Amino acid sequence: MNEWSITIIMLALTIIIYGFAKIFYKRVSHPFTLPILTSTLSIILLLLLLDIDYHLYKEGSRWLDELLGAAVVALAYPLYKQLPMLKRFILPILLSITVGAFIGVFSGVLLSRWLGIDSSIIGALAPKSITTPVAMEIAYNLGSAAPLAAVFVMIAGIGGAVLSPFLYKWFNITHPISRGIGMGCASHAIGTAKAFENGELDGAASSIAMTVSAIVVALIITVFF
C-alpha cells in the first residue's frame with residue numbers, strides 16, 4: 001500500500017469516526033459522550049482490533065495536524081469580537097491565569113512526589129495543562145520524554161472537558177469569563193473547544209487563558225525546576 005492510500009484511508013477513518021461521534025453526542029448529550037472522548041477511544045480500540053501500528057495511523061492522519069494550526073488561528077476572530085468585554089476585566093483575567101498556571105504545575109508535581117513517582121515522569125507531567133507543542137518542548141528540556149508529555153496533555157484536556165460541567169455545577173461557577181479562564185488554564189485547546197459550546201465569551205476567555213498560561217507555565221518551570 002503506497003503513502004497516498006494510507007493517508008486517504010486513515011484520514012477518512014478519522015473523519016468518519018469523529019462524524020459518528022458528533023451525531024451520537026447530539027442524540028445523547030452528556031459530558032461522557034463528548035466527541036473528543038468517544039472518537040479517541042473508538043480510534044484506539046479500532047487500531048488495537050485491526051492491529052494497525054500507531055506510527056502508520058499518525059503518518060496517514062498528519063494532514064489533520066496541519067489543519068490544527070489554522071483552527072487555532074481562527075480563534076482570534078471570536079477573541080476580537082469579545083475584546084471590549086475582555087479589556088474591562090484584563091487585570092482579574094491575568095491574575096486568574098497566573099494563579100491557574102501555578103495550580104496546574106504544582107498540583108501535579110506535588111501529588112506525584114507524594115506518590116513517589118520517578119522524577120523523569122514528573123518532568124513530563126509538570127506542563128500537562130498547556131498546549132502540546134510547548135509542553136513537549138518543556139518536557140524535553142527537563143530531560144523527560146516529550147511523547148509522554150503529549151499523553152498527559154491529552155488526558156488533562158479531555159478530563160477538563162468532561163468534568164467541567166460537573167465542577168461548574170458543584171462550585172456554582174456561572175460567569176462566562178470565569179468558566180473560560182478555568183477551561184483555558186486547565187485544558188488548553190480541547191477545553192477551549194468545549195468552552196465555545198457554552199458561548200462565545202467563554203471561548204474567547206479560554207483562548208486568552210490557553211495562550212497566556214503557556215507563557216506563564218514556561219516561566220514557572222524555568223524558575224522553579
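Helix H11 gives the most to the lining of the second largest pocket, with 9 residues. That pocket holds about 710 Å³ of space. The model is predicted, so that local features need pLDDT of at least 70 and side-chain atom pairs count only at pLDDT 80 or more, while totals for chains, interfaces and linings use all residues. Residues are numbered from 1 along each chain as its sequence is written, and side-chain values use heavy atoms, leaving out hydrogens and water.

**The second largest pocket**
- A pocket is an open set of points on a 1 Å grid over the protein atoms alone, with protein on both sides within 12 Å along at least five of seven lines; lining residues have an atom within 4 Å of a point.
- Of the 30 lining residues, Ile 181, Gly 182, Met 183, Cys 185 and Ala 186 are the closest to the centre of the second largest pocket.
- H7, H10 and H11 are the elements that give two or more residues to this lining; helices are DSSP runs (H or I, at least four residues) numbered from the N terminus.
- The lining comprises 16 nonpolar, 12 polar and 2 charged residues, where Ala, Val, Leu, Ile, Met, Phe, Trp, Tyr, Cys and Pro count as nonpolar, Asp, Glu, Lys and Arg as charged, and the others, Gly among them, as polar.

**The cavity**
- The structure holds 1 cavity of 30 Å³ or more, a cavity being a set of grid points where a 1.4 Å probe fits but cannot get out.
- The volume of the largest cavity is about 30 Å³, a volume being the space filled by probe spheres set on the points, which are joined across faces, edges and corners.
- Residues that line the largest cavity include Gly 100, Lys 128, Cys 185 and Val 217.
- Helix H7 (residues 90-114) supplies the largest share of this lining, 4 residues.

**The loop between H10 and H11**
- Phe 171 lies in the loop between helix H10 (146-170) and helix H11 (176-198).
- Phe 171 counts as exposed because its relative accessibility is 59%; exposed means over 50% relative accessible area, with a 1.4 Å probe and protein chains only.
- Asn 172 also has its place in the loop between H10 and H11, and Asn 172 has a positive phi of about 55° although it is not a glycine.
- Asn 172 is exposed, at 60% relative accessibility.

**The loop between H2 and H3**
- Asp 51 is in the loop between helix H2 (35-49) and helix H3 (54-60).
- Asp 51 is not a glycine, yet has a positive phi of about 55°.
- With a relative accessible area of 70%, Asp 51 is exposed.

Methods. Buried means under 20% relative accessible area, exposed over 50%, partly exposed in between (1.4 Å probe, protein chains only).
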